[in-house]
Amino acid sequence: PGNYVVYAGVGNNVVVTGLTASTNYVFTVYEYYTFDNCYLKPGTSNSLVTGAACSPPTLQANMRPFTDTGVDKTTVNWVYGNGDQSIVVARLTSTPPVEPVSGSTYTASSLFGGGDMIGAGNYVVYNGTGPGSEASVSVTGLASNTDYTFTVYEYHISDNCYLTPGV
């Protein structure tokens with residue numbers, strides 16, 4: 001409870017994060033004149049109710065051993081959990097991991113660096129269907145003598161709700 005300034009500056013839009021699901025928020029915009037340091041009152045208000053929190057899958061995928069590893073490629077293998085789909089995110093091991101954001105849709109490419117990037121340096125290399133079966137993706141474009149980390153996340157396609165952390 002309380003009032004917070006979420007934006008001050010020149011512009012006509014702002015992305016507000018950190019809101020609580022299923023909560024009513026009121027946003028008020030005030031014009032500010034720098035010439036005499038004065039706000040135009042009253043401001044213009046609008047309210048919204050945030051959506052309900054999503055329900056992620058309850059069973060994460062299980063990683064299997066990598067196969068067909070070569071100078072610039074490897075095949076990532078896993079068994080689906082109980083999500084509708086899963087994504088595989090690849091990164092240099094030295095790059096901090098960034099988890100997918102529920103509500104977001106990601107495009108994959110099996111060429112490292114070719115798919116959507118989540119955060120900095122985390123690339124989607126697979127986005128496909130499940131559940132209950134084995135899956136794999138052959139990832140190419142890897143540098144030799146370089147360590148990579150691959151993480152699988154299960155999700156429900158109806159609301160793109162990801163189960164985190166991944167495996």
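A residue is called exposed when its relative accessible area is over 50%, buried when that area is under 20%, and partly exposed in between. In the predicted model described here, Tyr4 has a relative accessible area of 66% and is therefore exposed. Tyr4 belongs to the segment before β1, a strand that covers residues 24-33. Together with Val6, Tyr7 and Val14, Tyr4 makes up a nonpolar patch on the surface. The accessible area of these four residues together is about 420 Å².

The segment with Tyr4 is followed by the strand β1 (24-33). Nine bridges link β1 to strand β2, residues 38-49, and the two strands pair in the antiparallel sense. One of the pairs across the two strands is formed by Thr28 and its bridge partner in β2, Ser45. The two strands make a hairpin, with four residues between β1 and β2. In the turn of this hairpin, Asn37 has a positive phi of about 50°. Strand β2 also contains Pro42. The peptide bond that leads from Lys41 to Pro42 is cis, and its omega is near 0°. A cis peptide bond is also present from Thr164 to Pro165, again with omega near 0°. Pro165 is located in the segment after β10.

Asp68, a residue other than glycine, has a positive phi near 50°. Its place is in the loop between β3 (62-67) and β4 (73-79). Asp68 also takes part in a salt bridge with Lys73, in which the closest N and O atoms are 3.2 Å apart. A search of the whole structure finds one salt bridge. Both partners are partly exposed: the relative accessible area is 48% for Asp68 and 28% for Lys73. Asn160 is part of the loop between β9 and β10. With a relative accessibility of 12%, Asn160 counts as buried.

Strands of a sheet pair through backbone hydrogen bonds, and the pairing can be parallel or antiparallel. Here five strands form an open sheet with antiparallel pairing, in the order β6-β7-β5-β9-β10. The edges are taken by β6 (117-118) and β10 (161-162), each of which has a single partner strand, so one side of each lacks a neighbour in the sheet. Ile118 has Asn122 of β7 as its bridge partner.

Gly115 lies in the loop between β5 and β6. Its relative accessibility is 11%, so Gly115 counts as buried. When residues up to four places away in sequence are not counted, Gly115 touches Thr107, Ala108, Ser109, Tyr123 and Val124. Gly115 and Tyr126 are eleven residues apart along the chain, and their C-alpha atoms are separated by 8.3 Å.

Gln85 is in strand β5, which spans residues 85-92. At 13% relative accessibility, Gln85 falls under the limit of 20% and therefore counts as buried. The side chain of Gln85 is joined to that of Tyr155 by a polar contact of 2.5 Å.

Glu154 is in strand β9, which spans residues 148-156. Its relative accessibility is 0%, so Glu154 counts as buried. Its side chain reaches the backbone nitrogen of Gly83 at 2.9 Å. Between Glu154 and Ser86 there are 4.3 Å from C-alpha to C-alpha, although the two residues are 68 residues apart in sequence. In the order of the open sheet, β5 and β9 stand next to each other.

Terms used: Residues are numbered from 1 along each chain as its sequence is written. This is a predicted model: local features need pLDDT of at least 70, side-chain atom pairs count only at pLDDT 80 or more; totals for chains, interfaces and linings use all residues. Side-chain values use heavy atoms; hydrogens and water are left out. Buried means under 20% relative accessible area, exposed over 50%, partly exposed in between (1.4 Å probe, protein chains only). A polar contact is a pair of N or O atoms within 3.5 Å; within protein, one must be able to donate a hydrogen and the other to accept it, and residues adjacent in sequence count only if both atoms are side-chain atoms. Two strands pair if DSSP finds at least two bridges between them. A salt bridge is a side-chain nitrogen of Lys or Arg within 4 Å of a carboxyl oxygen of Asp or Glu. Patches are made of residues with over 30% relative accessible area and no salt bridge: like charges are joined within 9 Å, nonpolar side chains (Val, Leu, Ile, Met, Phe, Trp, Tyr) within 5 Å. Accessible areas come from the Shrake-Rupley method with a 1.4 Å probe; for residues, only the protein chains shown count as cover. Contact means heavy atoms within 4.5 Å.
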